[in-house]
Amino acid sequence: MTDLDAGPYQGYVYAYPHKTAYRPLDPRPTLRRVWEREPLESLFLYLHIPFCEMRCGFCNLFTRTGAPEELVTAYLDALERQARAVRDALDGPEFVLAAVGGGTPTYLSAAELTRLFDLTERIMGVDLRAVPLSVETSPATATADRLAVLAERGTTRISIGVQSFLDAEARAAVRPQRRAEVEAALGRIRDTGFEALNIDLIYGIDGQTGRTWRHSLDAALAWRPEELYLYPLYVRPLTGLGRRAGDWDDHRLGLYRQGRDHLLAEGYEQVSMRMFRLPGSGGLTEYTCQSDGMVGLGCGARSYTSGLHYSHEYAVAARQVRGIIDDYVRLPAEEFAFANVGFHLDEAERRRRHLLQSLSQAEGLDLDAYRKRFDTEATEDFSAELEILTDRGWLDGPEGRWLRLTSEGLAHSDAIGPWLFSAPVRELMAGYEQR
Ligand code: SF4
């Protein structure tokens, strides 16, 4: 049995290789060395704020709850030291895209957000009002004063995790919130005015049915968001349909198809398995961009060059997060001049990454672009894998210069992605999990 038969929900490949394939770099290269031969004219800047008001039951992100004020201040101090070290290592960088993620960036107060943007502009030299800037928020923290700062500093896209518009479902996903609070937050976001609003919803919550799912979809659609992300729940409920993995898989796949068809009928276009967008809503890039050249600041952020993906630490388990943040805020300036943990991508891994990230998008893989980048043919490099996907009816083409997943292929993106991991990456990930 291959992974492709193990069910449609094996893992969300938001980046390849996964952080659990990172290992301590020995010797640690300086950032100057890491970036010296990289193109610097179209970089993506990512700022990570690892704080949330509460821990959602489904969360596997690097974040901690209940951070006291002093810790947030110390974190911003450390971010400033890191920004200086990174800026010193880059020779004339040009940032064309920026995002603040988490955690919940709006866990920061309006004054702290101002400080964050100030240090980004002053030290990193990014003109945030001139580039697309995405910021994540939550219903409780999307307050008018914070939103005003975001808008004033150039935020073009605001993304809010709602998950469900039914209070009981929100509770079941361990994110207690009231519908009224969610609607009020959405109202404040629309009143403030951002180019794009993204709403995250989750399917597969215990007790969720086709009817309640439709209810949440329609409640979100009432705001006519420019983007919607539909996430499958990955933490299996111990009751109801979650009892048997196969039943839960079928249930989630059914809800996925229902959601997809509903949004398509409402005029949205599908960008990836999770992402739907209103056509003509601007040149909004999916913020999991496949290009190399990402500079991450913050203790959970990754950075990408063409040959090395790196970060400060590679733990993702919640129990380790507190210790890592505490260590991060104490780091002296000189420590930020190095890449600590990471993964070196050789030519084969670069091709694999390009294939994987391209196929996860509805647009698919541009064969000409692949040839231009690698001077080889994707259809030859991955002939065995592509044949298997084609035989299953999950791959179309090549059609002209494009190779893309079929609608059912896209529905199985979370099985296809992990299945395409290379053997060395699988081995490293398995080694991490055994710790
Ligand atoms: S708000 Fe997001 S980052 Fe924070 S706990 Fe919930 S899912 Fe995780």
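In the predicted model, G210, W213, R214 and L217 of helix α7 meet L255, Q258, G259 and H262 of helix α8. Sorted by class, the residues of this contact comprise 3 nonpolar, 4 polar and 1 charged. Helix α7 covers residues 210-221 and helix α8 covers residues 245-265; the two pack at an angle of about 35°, and their axes are 10 Å apart. The crossing of α7 past α8 is right-handed.

The protein chain as a whole contains 16 helices and 18 strands. Its radius of gyration is 21 Å, close to the value of 22 Å given by the globule rule for 435 residues, and the chain is therefore as compact as a globular protein of that length. The C-alpha trace spans about 55 × 50 × 45 Å along the principal axes. Buried residues make up 43% of the 435 residues in the chain. Among contacts with a separation of 6 or more, 78% are between residues 24 or more positions apart.

The largest nonpolar core has 82 residues, of which L45, V86, I189, L201 and L228 touch the most other members. Helix α2, residues 69-89, gives the most to this core, contributing 7 residues. A further core of 27 residues lies apart from it, and includes L356, Y370, L389 and L403. Within the largest core, L228 is one of the residues that touch the most other members. With residues up to four places away in sequence left out, the contacts of L228 are N198, I199, L201, A220, L263, Y268 and F276. L201, which L228 touches, is itself among the core residues with the most contacts to other members.

E94 is located in the loop that runs between α2 and β5, the latter at residues 95-102. This residue counts as partly exposed because it has 14 C-beta neighbours inside 10 Å. When residues up to four places away in sequence are not counted, E94 touches L40, E41, S42 and L43. L45 is 49 residues from E94 along the chain, and the C-alpha atoms of the two are separated by 9.7 Å. L45 is also one of the residues that touch the most other members of the largest nonpolar core.

The bond from Y16 to P17 is cis, with omega near -5°, and P17 falls in the segment before β1 (23-24). D26 and P27 are likewise joined by a cis peptide bond, for which omega is about 0°. P27 is found in the loop between β1 and α1, the helix at residues 31-35. P27 and A339 are 312 residues apart along the chain, and a distance of 9.6 Å separates their C-alpha atoms.

Positive phi values occur in residues other than glycine at Q163 and at R224. For Q163, phi is near 75°. This residue belongs to strand β7, residues 157-163, and counts as buried because it has 26 C-beta neighbours inside 10 Å. For R224, phi is near 45°. R224 lies in the loop between α7 and β9 (227-232), and it is exposed because 12 other C-beta atoms are within 10 Å. A residue with 12 or fewer such atoms is exposed and one with 20 or more is buried, so R224, with 12, is exposed, whereas Q163, with 26, is buried.

D366 lies in strand β16, which consists of residues 365-366. With 18 other C-beta atoms within 10 Å, D366 is partly exposed. Its contacts, not counting residues up to four places away in sequence, are R401 and W402. R404 is 38 residues from D366 in sequence, and the C-alpha atoms of D366 and R404 are 8.8 Å apart in space.

Key
Residues numbered from 1 in each chain as written. Predicted model: local features only at pLDDT ≥ 70, side-chain atom pairs only at ≥ 80, totals over all residues. Axes fitted to C-alpha atoms, helices over the stretch in contact; angles between N-to-C directions. Helix = DSSP H or I, 4+ residues; strand = E, 2+ residues; numbered from the N terminus. Left-handed = near helix turned anticlockwise from the far one by under 90°. Contact = placed C-beta atoms within 7 Å. Nonpolar A, V, L, I, M, F, W, Y, C, P; charged D, E, K, R; others polar. Rg over C-alpha atoms; globule rule 2.2 N^0.38 Å. Core = buried A, V, L, I, M, F, W, Y, C linked by C-beta atoms within 7 Å.
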